[in-house]
Amino acid sequence: MTSPLYAQVALDVPLFTALSYRVPDHLRDDIALGQLVQVPFRNRSKTGLITDLTSELDDPALAPKIRDLYDLVDAEPLLSTNDLKFLSFVADYYLSPIGEVVRLAIPSAVRVEGIKHYRRLPDDQRPASATPLPLDLADALASLSSEEPSPVASLREAYPDLTYHRLSELERRGLVEVTYQESGSLKPKTERYFKLLPRPRGTLTGRLGSNQLKILKLLDGMPSLSLPEIREHIPSPYSSLSALEDRGLITSWEEEVYRDPFENAPVEAPPEFDLTERQLHAVNAVAEARNAGRFEGFVLHGVTGSGKTETYVRIIRDTLAEGRRALVLLPEIALTPQFVGVFRSHFGERIAVLHSGLTPAQKFDQWRQIRRDEVDIVIGARSALFAPINNLGVIVVDEEHDSSFKQEEGTRYNARDMALVRAKLASAQVILGSATPILESFHNAQLGRLTYLPMPERVAARAMPPVDIVDMRRGPHNPTAGPSNLLSARLLSELDNTLHDQKQAILFLNRRGFSPCVLCESCGHIFECPNCDVSLTYHRRMEALRCHHCDFSLRMPESCPQCQHTGIERKGVGTEQLENHLHELYPRARVARLDRDTGAGPRLQQLLSSFRRREIDILVGTQMVTKGHDFPDVTLVGVVLADMSLNFPDFRAAERTFQLLTQVAGRAGRADSPGKVIIQTYTPDHYSLLTAQNHDFSTFAQHELAQRQAMGYPPFGHLIALKFEGTHEGATVQATRDYATAARRLLRSDRTFGDNIAMLGPAMAPIGRINNRSRWQLLLKASDRALLRRFAIRTLELAKHFEAGQPQHRNVRIIIDVDPLNML
DNA sequence: AGCACGCCGACT
DNA sequence: GTCGGCGTGCTC
């Protein structure tokens with residue numbers, strides 16, 4: 001009699017703990033940490049991840065509840081122990097249920113949900129029972145087929161009085177056989193392959209049909225061909241194929257094929273390049289850490305055009321040469337076929353790609369290739385951080401400042417931060433690349449926690465573009481300035497020159513739509529979203545008013561709903577209006593717009609490549625234009641209104657503005673033509689503008705860091721935002737207040753907390769209501785991360801207590817946002 | 001998250 | 001009298 005073995009299984013349910021299951025004897029030898037298993041859960045089966053194996057239960061009282069786990073999903077573990085540690089770290093760090101984190105590591109296509117089925121065992125297979133079965137259960141049992149398993153739910157329909165728990169009595173007594181029938185999960189795709197069998201030459205051929213001969217010819221000299229490949233030549237080869245197989249001339253088999261997201265993307269020859277001094281220095285610094293087998297984080301601070309991608313390529317090549325694998329994380333928008341193409345040209349087939357544009361089947365197949373070690377490089381958006389990569393040697397986080405690395409729902413992780421954690425556990429290196437490193441990176445580099453690798457020059461000695469700041473406070477500069485004094489004389493004359501020289505221009509305006517605000521000129525009524533506390537934006541193309549925070553949209557009204565007056569005024573300018581205005585100013589120029597309304601996916605790619613092919617002269621757009629790739633013929637970049645991001649109610653406003661301006665300015669003059677940047681602003685003296693003008697990151701960083709230090713904001717202090725959301729304003733406010741009261745009491749009673757933690761709020765969120773949910777928040781701030789975390793946990797426990805007895809807190813959700821990025 | 005159990009209003 | 005509303009609590 002061996003001692004029992006228990007598995008801790010993390011399931012895709014919002015539970016903070018993993019659940020215990022008994023490991024059946026026949027699985028004992030095969031089971032391992034990090035393995036995917038199928039387990040019974042309520043009246044279904046679920047896929048979970050083994051986080052621990054123990055011979056004892058931590059709570060013996062649970063023993064009667066414990067069920068046997070059902071089966072292994074795969075012989076091989078999904079995750080290494082390091083990666084398991086990584087997942088629990090993420091769950092701990094973000095105060096998030098382990099199941100929710102595990103879900104990030106197991107794509108939905110791999111999770112299998114099974115519905116429980118019963119089949120009545122024939123009399124001779126049933127154990128003799130001591131006690132007679134209750135009548136209703138006996139009835140239910142009799143209704144079951146002994147041939148076909150039936151879903152338990154159908155039993156419950158037929159016998160409504162039998163609860164699930166009572167029905168399981170049939171299992172306990174061994175009267176039924178239990179199976180779980182999977183529903184609608186993705187399956188690997190297989191294809192039939194054919195090849196020639198060796199045979200004596202010249203025999204039998206005379207009696208073959210013409211299709212059969214064609215097939216033999218096709219297969220001749222080929223290792224094998226798939227059915228679709230044969231069908232390209234012979235539309236209907238089925239009977240011929242089976243005839244050939246019957247005669248023993250060919251053979252066939254089923255083989256798994258991957259649904260390839262690169263389909264039709266040509267692989268070009270790798271561009272040859274020699275590394276600059278700076279690039280080589282970076283490559284060598286990383287090599288040193290790799291050779292020593294130690295974790296190290298690097299800040300690759302390279303101005304736009306300094307050749308960061310080539311540096312990544314070289315570092316990854318060296319890493320692969322050591323037999324280790326690479327992960328490249330990119331902002332979602334940067335995952336273009338072009339970027340992936342660069343990697344494909346250098347590294348060939350052994351690359352997997354993970355991003356939101358893939359179909360579930362493609363994701364599933366990419367994921368399978370990764371976990372079977374069939375690829376060496378994974379390129380993906382933030383969720384690729386959790387890809388099951390074995391023997392990970394390096395993680396590249398490109399454009400590390402990009403806010404899309406932060407997930408804003410569920411487990412609110414930041415892939416940039418967690419890349420450092422995963423790499424540390426794997427003794428791998430991390431490259432944080434950006435032209436505008438975040439201040440956390442820069443500060444940590446100064447402290448020596450990260451290694452700073454500056455690349456301040458563009459390759460081929462190209463100059464950084466000169467930046468002009470135009471003070472818009474001085475009124476209209478010329479009569480064609482357009483609506484709201486939109487374009488200055490300076491910017492217009494540069495546009496003229498650019499068009500005259502047959503070069504391209506990018507105009508950046510961080511606001512989409514035609515007009516962000518619409519009001520009645522008679523009574524002043526402002527059109528607001530009925531579901532959110534924001535004004536509606538007028539979109540001319542759709543002749544509609546739309547909310548940018550929910551999906552509300554309204555046909556543009558003829559008259560004011562309040563006073564019936566027909567004069568409706570549109571205030572402010574968005575990209576749509578700017579595009580319009582440019583069409584009027586330059587009727588012969590080709591003007592296009594790039595923002596979220598332009599569309600995503602293929603349409604976006606189309607627009608970008610048509611701009612690259614110079615089929616567009618002026619590209620108007622929001623943030624999205626700051627992230628594209630090289631556009632060699634762009635010589636002018638205009639920032640139409642630099643103040644927009646500056647006026648955000650957020651301590652990171654200056655940093656964001658600096659990043660935005662630097663990034664968009666970097667679009668100018670990337671090839672041989674020199675570029676020029678014009679920034680229009682109403683705050684021309686702001687340090688984030690002046691430093692961006694001089695491409696002077698370090699002055700900006702020093703200035704900004706001093707301010708952060710004075711306020712105790714990151715990177716000097718750490719934040720946890722507690723966001724309260726509820727359908728009733730009153731209940732939401734009350735919940736926030738009561739929480740704050742409890743937290744204050746704890747701060748007063750425990751000096752360790754009180755002396756080191758600051759609480760800001762309660763305050764209404766900058767957008768007080770979205771989708772009819774009121775939003776309030778509290779901000780916890782401390783320089784000691786661990787202390788802050790402990791405090792948050794303690795107060796959340798308090799919150800649970802007061803919530804239990806307080807009906808006024810109903811329907812209020814508390815969202816914990818560790819290291820919040822977005823305060824809206 | 002689901003999903004079952006439980007305790008109060010409009011119907012055969 | 002019951003069907004069903006969703007409020008509450010549990011999942012090994």
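Me: Which residue, with a positive phi, follows α1?

Reply: This is a predicted model, and in it α1 runs over residues 81-93. The residue that follows α1 and has a positive phi, near 50°, is L95.

Me: Which residues of α1 are buried?

Reply: To count as buried, a residue must have under 20% relative accessible area. α1 has 13 residues and reaches 18 Å from its first C-alpha to its last, close to the 18 Å expected at 1.5 Å a residue. Within α1, the buried residues are D83, L84, F86, L87, V90, A91 and Y93.

Me: Which residues lie nearest the centre of the second largest pocket?

Reply: About 1200 Å³ of space lies in this pocket, and α1 is among the elements that each supply at least two residues of its lining, as are β4, α2, α24 and β34. The lining divides into 19 nonpolar, seven polar and eleven charged residues. Of the 37 residues that line the second largest pocket, those nearest its centre are F16, L95, S96, P97 and I816.

Me: Is D58 buried or exposed?

Reply: D58 has its place in the loop between β4 (44-54) and β5 (67-68). Exposed means over 50% relative accessible area, and because the relative accessibility of D58 is 68%, D58 counts as exposed.

Me: How far apart in space are D58 and R474, C-alpha to C-alpha?

Reply: In sequence, D58 and R474 are 416 residues apart. From C-alpha to C-alpha, their separation in space is 73 Å.

Terms used: Residues numbered from 1 in each chain as written. Chains lettered and ligands numbered in written order. Predicted model: local features only at pLDDT ≥ 70, side-chain atom pairs only at ≥ 80, totals over all residues. Heavy atoms only, no water. Helix = DSSP H or I, 4+ residues; strand = E, 2+ residues; numbered from the N terminus. Buried < 20%, exposed > 50% of the residue type's maximum accessible area, 1.4 Å probe, protein only. 1 Å grid on protein atoms, 1.4 Å probe; cavity = no way out; pocket = protein on both sides within 12 Å on 5 of 7 lines; lining within 4 Å. Points joined across faces, edges and corners; volume = space filled by probe spheres on them. Nonpolar A, V, L, I, M, F, W, Y, C, P; charged D, E, K, R; others polar. Expected span 1.5 Å × (residues − 1).
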